[in-house]
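Trainee: I've got a structure open and I'd like to learn how to read it. Could we go through it together?

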Amino acid sequence: MHPVQESREPPKPAAVITGATQGIGRFLADEFAKHGHTLLLVARNEAHLADAAKTVAASYGVPVHYAACDLTTGEGCDRVVKALAENGLYCESLVNNAAVLTAGFFQEQEREALLSIVDLNLRATIDLTRRFLPGMIARGAGGVLNVSSVEGFMPVPYHATYAATKAAMISWSRALAYEVMGTGVRICTVAPGPVVTDIHAKAGSENSRYVRYYPQMEPDVLAEAAYRRFMRGNWVILEGWLNKIVAIGVRFVPGFFLIPASGWFFHVRDADGNLVEPKPIRHPDMADHGKE
Ligand SMILES: NC(=O)c1ccc[n+]([C@@H]2O[C@H](COP(=O)([O-])OP(=O)(O)OC[C@H]3O[C@@H](n4cnc5c(N)ncnc54)[C@H](OP(=O)(O)O)[C@@H]3O)[C@@H](O)[C@H]2O)c1
């Protein structure tokens, strides 16, 4: 029998937070717990999840559950639904926060890594939202907080695929926010500028100018603002005056200026600040030339 059917207790509400073991997601977990929400934390690394769940539960006295899964797969999203049922919970708030970033020349990035960006940043967001939104609408309560980026407001050379997923997320989230108006459900997207987390180092972009020169926000400051304004139902959450200027200002900047400026900020650099140049690629027709 299904675990939920075994229990006579009605399921209890929970906030599902993806990518909750580190960076922004970890601070969003604190923020939701601080306000009394039961949590289901999601990421791949089980030991990190267990550690985060234990710490958050001890700090705020709320039940904290976790599901270890890879959200780039449909089975990973199935696992989230199963974990809620096993713990007698339903998804009241969904925070689509997990994402990966790769940086550099598109032709040099691994094909699998590029597809993972699309699968995690976009496909899993749509998949999880499609699974949980009907229940939210039926209950007339709850919401989805989508963690996007200011990179979603412009083309970003060297982060082209990541920025495209963030642009799609903003467009999709705003459209859904309109669709659910009047149902009692909130669909919001937060678009941070650079935040102090490991995501840049993991992508090898820690020496890019956007990391060195653009003021970085602390993740707890962002998480507090995102939670507060999610509860208010703001469709697009921009925190920090510079992020507001960038997100609004880029609409008025022509592409011939905007895209090179964006490229100047996001070009990958080595530790000495030198530009990383593209690797030479041999013409495919020339690959076997001279072997005979
Ligand atoms: N940091 C910034 O400057 C910045 C700026 C703007 C927007 N954002 C956005 O903010 C969000 C969080 O970024 P962050 O900087 O906090 O990232 P982060 O520190 O790299 O953390 C990423 C989280 O996602 C999890 N994760 C990665 N791949 C996963 C997968 N396949 N399935 C499930 N979970 C996975 C990671 O845990 P496991 O590795 O254990 O799976 C980790 O908990 C992202 O949406 C990012 O695009 C960040």
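Trainee: Which residues touch the most other members of the largest nonpolar core?

Mentor: Keep in mind that this is a predicted model. The largest nonpolar core has 30 residues. The elements that give two or more residues to this core include the strands β1 (12–18) and β2 (39–43) and the helix α2 (23–34). The members that touch the most others are Leu28, Phe32, Leu39, Leu41 and Leu145.

Trainee: Let's zoom in on Leu41. What does Leu41 touch, leaving out residues up to four places away in sequence?

Mentor: Leu41 is among the core members that touch the most others. Skipping residues up to four places away in sequence, its contacts are Ile17, Ala20, Ala29, Leu49, Ala52, Ala53, Val64, His65, Tyr66 and Ala67.

Trainee: How many residues are in the other core, the one with Leu71 and Leu94?

Mentor: That core lies apart from the largest one. Val185 and Ile187 are among its members too. Its count is 28 residues.

Trainee: Now the ligand. How far is the polar side-chain atom of Asp70 from a nitrogen atom of the ligand?

Mentor: Start with the surroundings: 30 residues surround the ligand, and the closest are Thr21, Tyr162, Val195, Thr197 and Lys202. Thr21 has a polar side-chain atom 2.7 Å from a ligand oxygen atom, and a polar backbone atom of Asn97 is 2.7 Å from an oxygen atom of the ligand. For Asp70, a polar side-chain atom and a ligand nitrogen atom are separated by 2.8 Å.

Trainee: On to helix α11. What distance separates its end C-alpha atoms, and what should it span?

Mentor: Helix α11 covers residues 255–266, which makes 12 residues. At 1.5 Å a residue, the helix should span 16 Å. The end C-alpha atoms agree with that, being apart by 16 Å.

Trainee: Why do the buried residues of α11 count as being on the same side?

Mentor: The buried ones are Leu258, Ser262, Gly263 and Phe266. They sit on the same side of α11 because the arc they cover around the axis is only 130°. On the other side, Phe256 and Phe257 are exposed. As for what the buried residues pack against, that's α8 (209–213).

Definitions and conventions
Residues are numbered from 1 along each chain as its sequence is written. This is a predicted model: local features need pLDDT of at least 70, side-chain atom pairs count only at pLDDT 80 or more; totals for chains, interfaces and linings use all residues. Side-chain values use heavy atoms; hydrogens and water are left out. Helices (H or I, at least four residues) and strands (E, at least two) are DSSP runs, numbered from the N terminus. The expected span of a helix is 1.5 Å times one less than its number of residues. Buried means under 20% relative accessible area, exposed over 50%, partly exposed in between (1.4 Å probe, protein chains only). The arc is that of the directions from the helix axis to the C-beta atoms. Contact means heavy atoms within 4.5 Å. A nonpolar core is a set of buried Ala, Val, Leu, Ile, Met, Phe, Trp, Tyr and Cys residues joined through side-chain atoms within 4.5 Å. A residue is near a molecule or strand if one of its heavy atoms lies within 4 Å of it. A polar contact is a pair of N or O atoms within 3.5 Å; within protein, one must be able to donate a hydrogen and the other to accept it, and residues adjacent in sequence count only if both atoms are side-chain atoms.
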